[in-house]
Amino acid sequence: MDKSILLKVRNLKKTFIKKSGTFLKRKKTEVYAVNNVNFEVKQGEILGIIGESGCGKTTTARMVMRLMKETEGEISFEGVNLCNLKESETNKIRKKMQMIFQDPYDTLNPGMRIHDILMEPINAHEKDLPYETKYRKVIEAIEAIELKPAEDFINRYPHQLSGGQRQRIAIARAIILKPSFIAADEPTSMLDVSVRAGILNLLLDLRKKMGLTMMFITHDLSTASYMCDRIAVMYQGKIVEIGPTKKIIQHPSHPYTKALVAVVKDLNYFIKNREKLILDGEVDSTKEEKGCPFVARCPHKEAACHTQVPELEDVDKGHSVSCHCHTELLEKTS
Amino acid sequence: MVNQKWKKYWQVLTSNNIGLFGLILLVIFLLIALLAPILAPFDPSARVGDPFMKPNSQFLLGTNDVGQDILSELLYGTRISLLIGVIAAFISILLGCLVGIISGYYGGKTDAFLMRLVDLVLVIPFLPLMILLAAFIGPSFWNIVLVISLISWASPARVIRSQVLTLKTKGYVEAAKSIGTNITVILGRHILPGVIPIALSQFVLAASHSILIEASLSFLGLGDPFTKSWGTILYYAQARGAFLTDAWIWWVLPPGLLITTLVIGFAFTGYSLEEILNPRLRKER
């Protein structure tokens with residue numbers, strides 16, 4: 001089984017230091033952006049990471065992509081621990097792992113033509129190839145993302161493309177080196193709903209053709225359930241529930257997941273159980289770790305929730321949740 | 001799109017009266033500098049008349065203390081003033097870009113160190129220091145250039161740093177990093193193009209400063225004695241008592257006016273360039 005695991009994240013932590021107070025009474029508080037995250041991505045699967053804004057999903061992706069240094073933890077990709085690599089070695093690994101960013105209006109340099117934008121990854125890793133080969137790769141990549149005819153697009157500037165087309169170009173840039181792993185950071189959240197499905201289907205299509213493994217970050221449960229084989233739900237820097245998409249959607253065990261699912265699934269159920277489901281209260285990631293991170297907003301809290309930090313426990317094969325009361329909750333709903 | 005962008009810049013520049021005026025002034029001075037041998041009636045270093053002659057039909061601005069034609073001196077002086085201004089500005093912008101980009105991109109301790117250095121250079125009372133430097137390393141064309149550049153790289157560096165700070169948070173810079181592009185390529189392809197327009201406007205403003213500084217140094221007698229700039233002419237006028245006699249009208253006033261006009265030319269062009277780069281300053285027309 002270990003052989004098929006492409007990416008493995010162990011005890012990943014990221015803290016930011018918040019300075020406050022005046023010169024003499026300076027206080028440094030640690031803010032947890034990502035707190036003890038563990039997950040694995042198997043060869044060929046799409047792992048969804050969902051959660052609200054600021055829950056640490058993008059930070060996790062940025063650490064995996066080595067755009068940010070982790071505070072603690074271990075990330076291994078194809079058996080290589082990425083955390084101890086030097087900059088030059090990291091750059092070599094980057095050939096195999098690419099990222100698709102959220103904002104297609106921001107990630108393409110407005111002063112560069114599509115040709116130059118797509119040449120950039122090739123020049124970074126396969127500079128010595130003859131120009132004809134490089135050019136053919138660029139054309140192939142544009143064709144792979146279904147912008148036809150490719151020659152029409154090659155000399156355009158990003159501002160001559162629509163949002164959907166730009167995101168396709170960003171995808172082309174990510175797949176042009178034929179990587180084995182792609183992290184997609186909310187690739188459809190800035191796009192019109194009408195274009196979204198096209199981009200999602202393109203990603204699924206590419207995955208089938210190229211055998212891509214993906215980490216798909218989103219805040220939208222319906223997108224995640226469409227795309228992903230497994231889903232990890234993050235809350236305040238922690239994974240609160242992880243499991244196969246079907247199980248997460250049909251039998252959500254954590255109260256936070258339940259709330260998310262309820263909103264998407266059935267508006268009537270949401271209206272009826274409003275009190276139980278509504279997520280209230282302040283989010284404060286600076287306070288010390290004491291009890292469940294969700295306790296302030298949880299409708300089912302018990303005494304233990306305030307004092308003990310819940311660990312991820314298996315509820316089913318491949319489905320784990322970190323909640324003290326999940327067994328009772330399961331009984332209640334079924 | 002790049003061509004369109006420059007066309008648009010050109011439109012803003014020329015639709016702005018002040019900018020157009022500045023640009024025309026600069027072109028005129030450039031022509032004077034280039035055509036000095038044709039325009040000047042005499043060799044500026046030859047004794048062509050009696051000393052201290054008043055303006056007449058032969059010597060339009062009279063002659064100086066050794067009988068050289070002041071008009072010819074002024075025309076040739078344009079070359080020196082312009083050249084020193086432009087070269088010094090170019091060097092200081094180059095230095096400013098380097099420091100600004102390194103400081104802005106790398107951040108952290110490098111940034112802190114370089115910016116404190118900039119602070120230091122900015123708060124030094126520059127005229128006394130320059131006099132000291134110029135006197136210490138001796139008066140020559142390149143020494144003057146060096147002294148001016150050493151003083152004036154700091155404020156462009158700060159402006160460019162702030163531009164780099166905004167550029168480096170752009171998605172495409174981050175994307176380039178995640179692709180694995182190495183740092184020199186990132187700086188060259190993604191950061192530098194965004195910095196160039198700002199550097200250009202800073203260059204024009206720096207040139208106007210450099211010309212003023214050169215004039216002040218030369219006026220104090222610290223200029224190159226073998227290549228007479230406008231400042232040097234003023235120095236001799238002052239040394240020979242022209243300020244106290246009627247001679248100030250043709251010996252002191254013309255170089256003074258020329259310096260002022262050239263500086264205004266650069267400053268106006270610079271301001272309208274800034275307007276191009278900072279669309280919020282643009283007036284609705």
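## Packing of α3(A) and α6(A)

In this predicted model, the axes of α3(A) and α6(A) come within 8 Å and cross at roughly 30 degrees. Angles under 35 degrees count as roughly parallel, and α3(A) and α6(A) are therefore roughly parallel to each other. The crossing in which α3(A) passes α6(A) is right-handed.

On the α3(A) side, the contact is made by A:I114, A:I117, A:L118 and A:P121. The α6(A) side contributes A:I169, A:A172 and A:R173. By class, the contact of α3(A) with α6(A) has six nonpolar residues, no polar residues and one charged residue.

## Packing of α6(A) and α7(A)

Helix α6 of chain A, residues 163-175, also packs with helix α7 of chain A, residues 193-210. Their axes are 10 Å apart, and the angle is about 20 degrees. That angle makes α6(A) roughly parallel to α7(A). The crossing of α6(A) past α7(A) is right-handed.

From α6(A), the residues in this contact are A:G163, A:G164, A:Q167, A:R168, A:I171 and A:I175. From α7(A), they are A:V195, A:G198, A:I199, A:L202, A:L206 and A:M210. The contact of α6(A) with α7(A) comprises seven nonpolar, four polar and one charged residues by class.

## The eight-stranded sheet of chain A

Chain A contains an open sheet of eight strands with mixed pairing, in the order β6-β7-β8-β3-β9-β10-β12-β11. Its edge strands are β6 and β11 (313-316) of chain A, each of which pairs on one side only. With direction ignored, neighbouring strands of this sheet are turned by 20 degrees against each other on average.

Strand β3 (residues 46-50) of chain A pairs in the parallel sense with strand β8 (residues 213-218) of chain A, over five bridges. One of the residues of β8(A), A:T218, is the bridge partner of A:I50.

## The four-stranded sheet of chain A

Another open sheet of chain A has four strands in the order β2-β1-β4-β5, with antiparallel pairing. The edge strands β2 (27-42) and β5 (80-81) of chain A each pair on one side only. Strand β1 (residues 5-20) of chain A runs antiparallel to strand β4 (residues 72-77) of chain A, and five bridges join them. A:L7 has A:F77 as its bridge partner in β4(A).

Helix α1 (residues 57-64) of chain A packs on the sheet, where it touches β1, β2 and β4 of chain A. The direction of α1 makes about 115 degrees with that of β1(A).

## Contact between chains A and B

The contact takes 20 residues from chain A and 16 residues from chain B. On the side of chain A that touches chain B, the elements giving two or more residues are β6 (97-100) and α3 (114-125) of chain A. The most is given by α3(A), with four residues. By class, the side of chain A that touches chain B has eight nonpolar, seven polar and five charged residues.

## Annotated domains

For chain A, the UniProt annotation "domain: ABC transporter", from an unreviewed entry, covers residues 7-261. That span of chain A is 38% helix and 28% strand, and its end C-alpha atoms lie 27 Å apart.

For chain B, UniProt places the feature "domain: ABC transmembrane type-1", also from an unreviewed entry, at residues 78-270. Over residues 78-270 of chain B the chain is 84% helix and 0% strand, with the end C-alpha atoms 20 Å apart.

Definitions and conventions:
Residues numbered from 1 in each chain as written. Chains lettered and ligands numbered in written order. Predicted model: local features only at pLDDT ≥ 70, side-chain atom pairs only at ≥ 80, totals over all residues. Axes fitted to C-alpha atoms, helices over the stretch in contact; angles between N-to-C directions. Parallel < 35°, antiparallel > 145°, perpendicular 65-115°, else oblique. Left-handed = near helix turned anticlockwise from the far one by under 90°. Contact = placed C-beta atoms within 7 Å. Nonpolar A, V, L, I, M, F, W, Y, C, P; charged D, E, K, R; others polar. UniProt positions renumbered as here; feature names shortened; annotations may be inferred. Pairing = 2+ DSSP bridges.
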